[in-house]
Amino acid sequence: PSTIQAPIVMIKNINSNKKLLKNLISRDFKINYYGHFLGYFWSLLEPIALTAIFYIVFVILRGDTDTLLPLKIMIGILLYSTFSKTLSSCTSCLVSNASLIQQVYFPREIFPTAISGFRLLSLCLSILIIFPYMAYENLTLTRYILFMPISMICLILMAQGFGMMTASIQVKVRDTKQVIDLILRAAFFLSGVFFGAEHIPPENLETFLLNPVAVFLEMGRIAVLGEMNFLNWDQIITSILFSLSVFIVGSIIFVKSERKAVKFL
């Protein structure tokens with residue numbers, strides 16, 4: 001397909017293989033949760049346990065007056081962890097499915113899409129922790145709650161886009177995933193997971209919010225707190241457009257390169 005047609009071809013291929021996509025997402029759920037006594041409830045219990053730990057450390061032991069800090073940190077961890085795991089898994093999606101690819105042909109864009117679908121569903125289960133915490137803190141839902149699904153979807157689209165760019169490289173250069181993981185670890189500390197925009201000096205805030213991941217984490221917190229104090233609409237729209245652009249470019253690169261790349265498996 002031509003460069004312009006590549007994203008359309010990808011969407012058509014995914015739509016025509018919806019049953020396979022569902023099976024791959026179901027497979028990932030079984031791999032991650034099958035045999036566990038609590039099964040899918042681990043998606044909910046893990047963030048609950050972490051939130052409790054953060055509350056003990058920051059509020060009770062440190063005596064921090066901001067009782068919402070554990071929730072802010074938890075939102076940052078959940079959103080960034082989903083972004084990080086999606087990008088890392090998409091990078092290695094062709095290599096990790098080499099045996100299946102060599103047995104039968106089907107559109108390979110199913111693999112990164114299945115990863116994104118699984119991560120989105122897992123995040124939807126995990127993010128439920130925010131509602132009892134909001135009730136505990138007497139926080140009410142506002143129109144900004146819509147920022148949460150927008151930030152979740154944009155982070156996953158951006159991660160899949162970057163992952164589709166690096167997947168074909170990983171097939172030829174197996175160190176690619178290690179490099180990506182190293183970059184993701186560095187980005188963890190630069191994207192505001194453990195701190196928010198309110199902790200950034202005013203003169204550096206605009207530079208900090210050039211990072212679209214930081215913008216989406218901040219949007220997740222705004223969704224819960226109901227106050228948009230540090231972000232403006234230009235930064236939000238720019239980050240959303242960047243996420244969509246990365247996804248489109250990633251799909252173009254993946255569709256045009258995967259046929260040649262799989263020869264190296």
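Is Ile53 buried, exposed or partly exposed, and what is its relative accessibility? Ile53 counts as partly exposed, because its relative accessibility is 46%; buried means under 20% relative accessible area, exposed over 50%, and partly exposed in between (1.4 Å probe, protein chains only).

## Basis of the model

This is a predicted model, in which local features need pLDDT of at least 70 and side-chain atom pairs count only at pLDDT 80 or more, while totals for chains, interfaces and linings use all residues. Residues are numbered from 1 along each chain as its sequence is written, and side-chain values use heavy atoms, with hydrogens and water left out.

## Surface patches

Ile53 lies in helix H3 (residues 42-61); helices (H or I, at least four residues) are DSSP runs numbered from the N terminus. Together with Ile56, Val57, Ile60 and Leu61, Ile53 makes a nonpolar surface patch of about 470 Å². Patches are made of residues with over 30% relative accessible area and no salt bridge, with like charges joined within 9 Å and nonpolar side chains (Val, Leu, Ile, Met, Phe, Trp, Tyr) within 5 Å. A salt bridge is a side-chain nitrogen of Lys or Arg within 4 Å of a carboxyl oxygen of Asp or Glu. Accessible areas come from the Shrake-Rupley method with a 1.4 Å probe, and for residues only the protein chains shown count as cover.

Lys172, Lys256, Lys260 and Lys263 form a positive surface patch. Lys and Arg count as positive and Asp and Glu as negative, with His and the chain ends not counted; the place of a Lys charge is taken as NZ. Lys256 is in helix H13 (residues 233-261) and is partly exposed, at 43% relative accessibility.

## Nonpolar core

The largest nonpolar core has 49 residues, of which Phe83, Ile130, Phe147, Met148, Leu155 and Leu231 touch the most other members. Elements giving two or more residues to this core include H3, helix H4 (69-91), helix H8 (130-136) and helix H9 (147-172). H4 gives the most, with 11 residues. Such a core is a set of buried Ala, Val, Leu, Ile, Met, Phe, Trp, Tyr and Cys residues joined through side-chain atoms within 4.5 Å.

## Loop residues

Asn138 is in the loop between H8 and H9. Asn138 has a positive phi of about 60° although it is not a glycine, and its relative accessible area of 69% makes it exposed.

Leu210 sits in the loop between helix H11 (202-208) and helix H12 (212-225) and is exposed, at 68% relative accessible area. Ser92, in the loop between H4 and helix H5 (93-96), is buried, at 12%. Ser92 and Arg62 are 30 residues apart in sequence and 41 Å apart in space, C-alpha to C-alpha.
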